[in-house]
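Cut-offs are given where each term comes up.

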Amino acid sequence: MSTDELAFSVRTRTVGGTLIIELRGELDILAYHECAASLRELTPRDALDVVLDLRPVTFLDASGIRLLLTVRDEVARHGGRLRLVRAVPRVWQVLRIVRVDSVFTSIDDLPPSLTEIAAA
């Protein structure tokens, strides 16, 4: 990977009033500094139902956890609902070890109503 490439990306889409935020790659301090502000602004404006898809996340550290908590706090501040689509086991284990997994509503996959439209 060259120094110009980021080790993470964010993709958003709205499906039937639900904002789906897909985080991909390494959620570390660089990811936090690059996208925390934009995610904070995006979540309340676009939808009160937010799904944060962590399946493509390959690495998570304390800054990545901070990013997830930032999104959670912003959605809650506006009275919204946040659900996390569980990450690969080694990433989800980090959330369990630091005991923040229980502060999120987690699901194993996107609900079918969001998957069918999102895949189109």
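1. D61 caps the N-terminal end of α2, with a side-chain oxygen 3.0 Å from the backbone nitrogen of S63. Helices here are DSSP runs of H or I of at least four residues, strands are runs of E of at least two, and both are numbered from the N terminus. This is a predicted model, in which local features need pLDDT of at least 70 and side-chain atom pairs count only at pLDDT 80 or more, while totals for chains, interfaces and linings use all residues. Residues are numbered from 1 along each chain as its sequence is written, and side-chain values use heavy atoms, with hydrogens and water left out.

2. Helix α2 covers residues 62-77, and its 16 residues should span 22 Å at 1.5 Å a residue, which agrees with the 22 Å between its end C-alpha atoms; the expected span is 1.5 Å times one less than the number of residues. The buried residues of α2 are S63, G64, I65, L67, L68, T70, V71, E74 and V75, where buried means under 20% relative accessible area, exposed over 50% and partly exposed in between, with a 1.4 Å probe and protein chains only. An α-helix has 3.6 residues a turn, so residues three or four places apart point the same way. Just after α2, G79 takes a positive phi of about 75°.

3. The protein has four helices and six strands, which follow the pattern β-β-α-β-β-α-β-α-β-α along the sequence. Of its 120 residues, 44% count as buried. Among contacts (heavy atoms within 4.5 Å) between residues at least 6 apart in sequence, 70% join residues at least 24 apart.

4. Strand β3 is largely enclosed by the rest of the structure, because five of its five residues are buried. Both of its faces are covered, with D49, V51 and D53 buried on one side and V50 and L52 buried on the other. β3 runs parallel to β2, to which five bridges join it, and it also pairs with β5 in the parallel sense over five bridges; strands count as paired if DSSP finds at least two bridges between them. D49 in β3 is the bridge partner of T18, and D49 also stands opposite R81 in β5.

5. Leaving aside neighbours within four places in sequence, the residues in contact with R83 include T18, V51, T105 and P111.

6. The largest nonpolar core has 29 residues, and those with the most contacts inside it are L23, L27, L39, L52, L54, L68 and L95; a nonpolar core is a set of buried Ala, Val, Leu, Ile, Met, Phe, Trp, Tyr and Cys residues joined through side-chain atoms within 4.5 Å. α1 gives the most to this core, with six residues. Not counting residues up to four places away in sequence, L27 touches V57, F59, L60, D61, G64, L67 and L68. A second, separate core of seven residues includes V15, I107, L110 and L114.

7. P89 is found in helix α3 (residues 89-97) and counts as exposed, at 67% relative accessibility. The C-alpha atoms of P89 and R55, 34 residues apart along the chain, are separated by 9.6 Å.

Note on methods
A polar contact is a pair of N or O atoms within 3.5 Å; within protein, one must be able to donate a hydrogen and the other to accept it, and residues adjacent in sequence count only if both atoms are side-chain atoms.
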